Amino acid sequence: MLGRFSLRARLLFGVVLLAAVGLAVADAATYVSLRSFQLDQVDAALDAGHVHVEHMAYPPTHGFGGSGESTEPTGDGPPAQGIDWYALTTLGGRVVLGHFLVRSDDPPPKLPSHVSIPAKPSRGSERVAYFTVHAASGDDSYRVRASIDPLRPGRILFVAASLNGVNDTLHRLMLVELLVSGAVLIAIAALGLWVVRLGLRPLREIEATAATIASGDLSRRVERAEPRTEVGRLGLSLNAMLAQIESAFKAREESEGRLRRFIADASHELRTPLAAIRAYAELFGRGAAERPDDLERSMSGISRESERMSVLVDDLLLLARLDEGRPLERAPVDLAEIAGEAVDAARVVDRDRPIEASLEPAVVLGDRDRLRQVVDNLLANVRSHTPPGTEVEVGVHSIDGKAVLRVSDAGPGFTEEEATQVFQRFYRVDSSRARASGGVGLGLSIVAAVAQAHGGDATARPALGGGATFVVTIPALLDTTIA
């Protein structure tokens, strides 16, 4: 049932209920303790006054505890202090001495038909019992002392005192307790409401922050989140979670943006060779088959553009497989050997370009074909973006447990800003769509993707005085033995 109420209401209800139970227990204990104390006081007064009642009921020479034969009680004498009523009866309940009431207008106590008095003396030589009875009429009550003197075993002496004063005191105490308890509960409720509101204020701020974030503002954070309190620690956790969510959203947006650009660029790159193939096919359809020169031109064009499109598709498929995290072949490979093969092939392709090689053994665990593709792409990138005859340096070294491949050229280079983007797919320092020279902008993307798939990375930086340097770092094997 309480689950339908707010946390503030439940906390306040719990505090007030706990305080009410505590006050009720304290009030009851106080009431019972005072009542017991006052009854003990009345009993003590009855003990002190019953001696006077004995003298009132019997002559001094024949009272309780006297010697010789006793006479019938007379009932004469002054009233005993602290005694409002007394009577003398037989064990069967017959009244020997008429009721004597100090305040004659008050109703006498209503004695029970049977009084249980201890068999052994409890007050000196007397057998005494105490009990509380109501008045014969009205709402008054009396505290009664019943005793049997051993010299008169057949008689019971009753002395009683009105409890009106005690009851008035207890009623006044109860009224005071109710008023004080009510005031205390109201004060606790007011103070508890203030404390609960103060304590839950951070939760309201978290609620407002969550609403703002739900509306689209992912930069909002919970303010005044301190680790000293539970709510503060909750705020810190939420801030950490919100930071991760914001980063994830930004990463997703960036990924979606890259995907859109990738699709647009891929479509553009595929459209170009497809358009050329279509043009050559139309040329063939217009009679090129009957003209040997046009036929050769059409067939060679279709073959060239098909090859170009195949290379592009292969590169896209390779990047897709690397993005999916598909495992590559793993075997010990000497990166220096691979780089040497790539340098020899590059010298054959471009005989006029001087290529210096400084190769030291550096064994890595990887895919030989993909690592060879990394070196080939870096050298192809140099041929595409530097003038003929530009010097190139290729180096392979082992540094701090890593195999480092470095390819440097003395070409026009690029800026620091461009260096951070050269590994993006379809990116070119020359933003022109013309393809008179160079590839489609996937070569360096493949370099970076293959390096990451081998647990390494690829970086680019401009060289002082012009030129560019590309560095690929891959973890080296401690055991350099190649099977």
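Asp400 is exposed, with a relative accessible area of 78%; here exposed means over 50%, buried under 20% and partly exposed in between, judged with a 1.4 Å probe and protein chains only. The residue lies in the loop between β9 (392-399) and β10 (402-409). Although Asp400 is not a glycine, its phi is positive, at about 55 degrees. Helices and strands are DSSP runs (H or I of at least four residues for helices, E of at least two for strands), numbered from the N terminus.

The model is predicted, and local features need pLDDT of at least 70, side-chain atom pairs count only at pLDDT 80 or more, while totals for chains, interfaces and linings use all residues. Residues are numbered from 1 along each chain as its sequence is written, and side-chain values use heavy atoms, with hydrogens and water left out.

Helix α1 spans residues 7-57 and contains Val21. Val21 is partly exposed, with a relative accessible area of 45%. Together with Phe13, Leu17 and Val25, Val21 makes a nonpolar surface patch of about 370 Å². Such patches are made of residues with over 30% relative accessible area and no salt bridge; nonpolar side chains (Val, Leu, Ile, Met, Phe, Trp, Tyr) are joined within 5 Å, and like charges within 9 Å. A salt bridge is a side-chain nitrogen of Lys or Arg within 4 Å of a carboxyl oxygen of Asp or Glu. An α-helix has 3.6 residues a turn, so residues three or four places apart point the same way.

Gly14 also has its place in helix α1, and at 33% relative accessibility it counts as partly exposed.

Helix α3 (residues 230-285) holds Glu246, which is buried at a relative accessible area of 15%. Its C-alpha atom is separated by 9.4 Å from that of Asp217, 29 residues apart along the chain.

Further along, the axes of helix α5 (residues 335-349) and helix α6 (residues 368-385) come within 9 Å and cross at roughly 40 degrees. The helices α5 and α6 are therefore oblique to each other; angles under 35 degrees count as roughly parallel, over 145 as roughly antiparallel, 65 to 115 as roughly perpendicular and the rest as oblique.

Helix α8 (residues 443-453) has 8 of its 11 residues buried, so it is largely enclosed by the rest of the structure. Among them are Leu444, Ile446 and Val450. Just after α8, Gly455 takes a positive phi of about 80 degrees.

Definitions and conventions:
Areas by Shrake-Rupley, 256 points an atom, 1.4 Å probe, with all protein chains shown as cover. Axes fitted to C-alpha atoms, helices over the stretch in contact; angles between N-to-C directions.
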